[in-house]
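User: Got a model here I'd like to walk through with you. Can we go over it piece by piece?

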Amino acid sequence: MRFTLFTTVVAFAIVACGGDKKSAASQAEAATPTPAGVPAATPAAEAALVVEVKMTGNGTSVAAFEPSKLTIKTGTTVRFINVSGGPHDVAFYADSIPKGGADALKKGMPNPMGDLTGPFLTQPNEKYDVSFAGAPAGVYKGYCLPHVALGMKIAVTVQ
Ligand SMILES: [Cu+2]
């Protein structure tokens with residue numbers, strides 16, 4: 001909680017300092033008109049792009065995302081599957097993702113437990129879909145909260 005509060009305060013400070021540029025940028029983004037043909041075509045094409053990542057472990061000393069590195073196109077859905085050694089979740093490091101990535105992930109991560117943090121998957125074969133729709137290109141580094149100490153980390157490169 002304290003950490004969350006601190007993060008919020010910092011975010012506030014950043015917004016306050018760079019206020020003019022930021023709001024101008026977000027307004028530009030919000031106001032950018034989308035060509036008529038694109039909205040219909042893009043989601044349909046993106047809907048087919050699902051990449052699966054297994055979450056595995058032995059319940060004590062070993063835990064991993066498989067694969068732990070993957071490259072996707074913007075708009076791809078990454079489907080995390082709780083295979084063994086759960087509970088697992090996926091969270092992204094706010095300071096490791098491209099500018100604008102957090103906003104995309106906030107929309108793309110349903111039922112978050114916190115900022116950029118997905119819910120725990122406790123049931124066998126439980127799935128969690130993270131949509132990278134609108135995600136800027138770059139590397140998104142993430143981890144599993146219960147198993148980060150075991151090195152359960154992932155790097156998703158968006159092209
Ligand atoms: Cu885990």
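User: Is tyrosine 143 buried or exposed, and why?
Analyst: Tyrosine 143 counts as buried because its relative accessibility is 15%. The cut-offs are under 20% relative accessible area for buried, over 50% for exposed and partly exposed in between, with a 1.4 Å probe and protein chains only. Bear in mind that this is a predicted model: local features need pLDDT of at least 70, side-chain atom pairs count only at pLDDT 80 or more, and totals for chains, interfaces and linings use all residues. Residues are numbered from 1 along each chain as its sequence is written, and side-chain values use heavy atoms, with hydrogens and water left out.

User: OK. How many aromatic pairs are there?
Analyst: The structure holds 4 aromatic pairs. In one of them, tyrosine 93 and tyrosine 143 sit 4.5 Å centre to centre with 35° between the planes, a tilted pair. For the terms, rings of Phe, Tyr and Trp (its six-membered ring) pair if their centres lie within 6.5 Å; planes under 30 degrees apart count as stacked, over 60 as edge-to-face and the rest as tilted.

User: Switching to the metal. Which residues hold the copper ion?
Analyst: The protein donors are His88 (ND1), Cys144 (SG), His147 (ND1) and Met152 (SD), lying 2.0 to 2.5 Å from the copper ion. Donors here are N, O and S atoms within 2.8 Å of the metal (3.2 Å for Na, K and Ca); water is not among the atoms, so sites may look incomplete. Along the chain, the donors follow the spacing H-x55-C-x2-H-x4-M.

User: Why is the arrangement called tetrahedral?
Analyst: Because the 4 donor atoms subtend angles of 94 to 132° around the copper ion. Four donors count as tetrahedral if all angles lie between 85 and 135 degrees. Histidine 88 and methionine 152 are both buried.

User: Now the core. Which residues have the most contacts inside the largest one?
Analyst: Phe92 and Phe132, in a nonpolar core of 26 residues. Such a core is a set of buried Ala, Val, Leu, Ile, Met, Phe, Trp, Tyr and Cys residues joined through side-chain atoms within 4.5 Å. Its largest share, 3 residues, comes from β8.

User: What does phenylalanine 132 touch?
Analyst: Leaving aside neighbours within four places in sequence, phenylalanine 132 contacts residues including Ile72, Phe92, Leu105, Tyr140 and Val158. Contact means heavy atoms within 4.5 Å.

User: Last one: what order do the strands of the open sheet take?
Analyst: The order is β3-β8-β7-β5, with mixed pairing. Two strands pair if DSSP finds at least two bridges between them. β3 and β8 run parallel and are joined by 4 bridges.

Technical notes
Four donors count as tetrahedral if all angles lie between 85 and 135 degrees; four count as square planar and six as octahedral if opposite donors are over 155 degrees apart and all others between 65 and 115; anything else is irregular. Helices (H or I, at least four residues) and strands (E, at least two) are DSSP runs, numbered from the N terminus.
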